Amino acid sequence: MVDLIYGRGITDLLREMPFYISIFKKMTAYKLFHIKQPMYGSVDVNNVCNLHCTHCYWWLNRKEERDITVEDWRKIIKEKFNKQHIFVTTLVGGEPTLRSDIIELFCKEMPKRICVVTNATFPLKRYDGLYFYWVSMDGTEEVHDRIRGKGSYAKTRKNILDYISGPDRNGKPAWKDIWITMTINSQNYMTVEDLAEEWRGKINKIGFQFHTPFAKGDPLMLPFGELRNSVVDKLIALKKKYPNYIVNPISQMSLMKGNWGGVGTTPVDCPSWAILSLDHMGRVKQPCCIGSADPKSMKPICEECGLGCYSILVAQGIRGN
Ligand SMILES: C[S@@+](CC[C@H](N)C(=O)[O-])C[C@H]1O[C@@H](n2cnc3c(N)ncnc32)[C@H](O)[C@@H]1O
Ligand code: SF4
Ligand code: SF4
């Protein structure tokens, strides 16, 4: 299959034409009349994780609550996702691979529109309707383990290598299913090129985003300025060298040099409305997928935001207000 755009071939693009038409209509409604209808989705499929990473926003607002059932999600998919023609949806968590029953359901109900973001410390299953796995790797082994816990890199590496040595999925080699996502912070920024080189030729793609703080002065945030600019310039150079391997467009990476999102904890240019973000109980999270349904919770700092999934929309001309 020829990879035309973001891992999709001609047959995918033809089959998905109704979604592209729907996105076009939503964009037109937004540009002409400022009508804001979500185009993409993000779902915390569970409230459990096996790791406790130092940079993680999810633990900041976590409360002891149960997960909802597969049947509850079936209704939500029907009423909120498929009725509104939500296109690609990322399953997050917690650690989503701990709920393979819910992943299975989403892949069945929204075939080839589901990405699973995972720490990949458990073996990766083959799901028929999966789009791809976004495997989180926070730098090369030593720094990744400092952030994610000793031995976690080795487990993730083994699970990726086991998966890609397995059989084709729907006629596509398994390595095409694996994309890596790295969240860059003050501890791991120096390893971006090494991580990209380590996995080049083994997996399909790698994407980068920056740490988003929930408190001013968070030491993990790579502050705006010379050093951050030099990291972005390195990413842009990598993109020019390996245009199909590096996911981020240059226009998006350039935004990452400064504030593209908002003022304080309020989104302004950020199109937080464009992604329907639900927590593990199906409640809408505010202001975005790293926020919370509880208005009293800790909030991400929009003016220092480094998230990839919203900044890519800004780079495509989709704005907040
Ligand atoms: C919360 S995790 C959930 C999925 C899964 N447990 C994993 O680690 O991939 C989703 C993604 O958010 C990233 N992340 C966590 N905290 C972040 C923060 N403060 N800013 C930006 N990204 C963050 C993680 O590195 C991971 O790639
Ligand atoms: S594995 Fe994912 S959800 Fe769990 S602590 Fe790490 S980043 Fe957060
Ligand atoms: S994605 Fe970033 S800028 Fe947008 S609402 Fe969330 S924290 Fe704010």
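Predicted model: local features only at pLDDT ≥ 70, side-chain atom pairs only at ≥ 80, totals over all residues.
Trainee: OK, which residues come nearest to ligand 1?
Mentor: Y57, N119, S136, T183 and T212, out of 17 residues around ligand 1. A residue counts as near if its C-beta atom, placed from the backbone, lies within 6 Å of the molecule.
Trainee: And which strands supply at least two residues of that shell?
Mentor: β3 (114-118) and β5 (178-184) each do. Helices (H or I, at least four residues) and strands (E, at least two) are DSSP runs, numbered from the N terminus.
Trainee: How does the shell around ligand 1 divide by class?
Mentor: Seven nonpolar, nine polar and one charged. Here Ala, Val, Leu, Ile, Met, Phe, Trp, Tyr, Cys and Pro count as nonpolar, Asp, Glu, Lys and Arg as charged, and the others, Gly among them, as polar.
Trainee: What about ligand 3, which residues come nearest there?
Mentor: G261, C270, C288, C302 and C305, from the 14 residues around ligand 3. That shell has 10 nonpolar, four polar and no charged residues.
Trainee: Switching topic: is helix α2 largely in the open or buried?
Mentor: Largely in the open, because the number buried is one of its 17 residues. Buried means 20 or more other C-beta atoms within 10 Å of a residue's own, exposed means 12 or fewer, and partly exposed is in between, with C-beta atoms placed from the backbone.
Trainee: What comes just after α2?
Mentor: H34, with a positive phi of about 60°, although H34 is not a glycine. H34 sits in the loop between α2 and β1 (40-44) and counts as exposed, with 8 C-beta neighbours inside 10 Å.
Trainee: And what is phi of H85 near?
Mentor: Near 55°, again positive in a residue other than glycine. H85 is partly exposed, with 16 other C-beta atoms within 10 Å.
Trainee: Last one: which residues does a cis peptide bond join?
Mentor: G93 and G94, with omega about 15°. The bond from Q286 to P287 is cis too, with omega near -5°.

How values were computed:
Residues numbered from 1 in each chain as written. Chains lettered and ligands numbered in written order.
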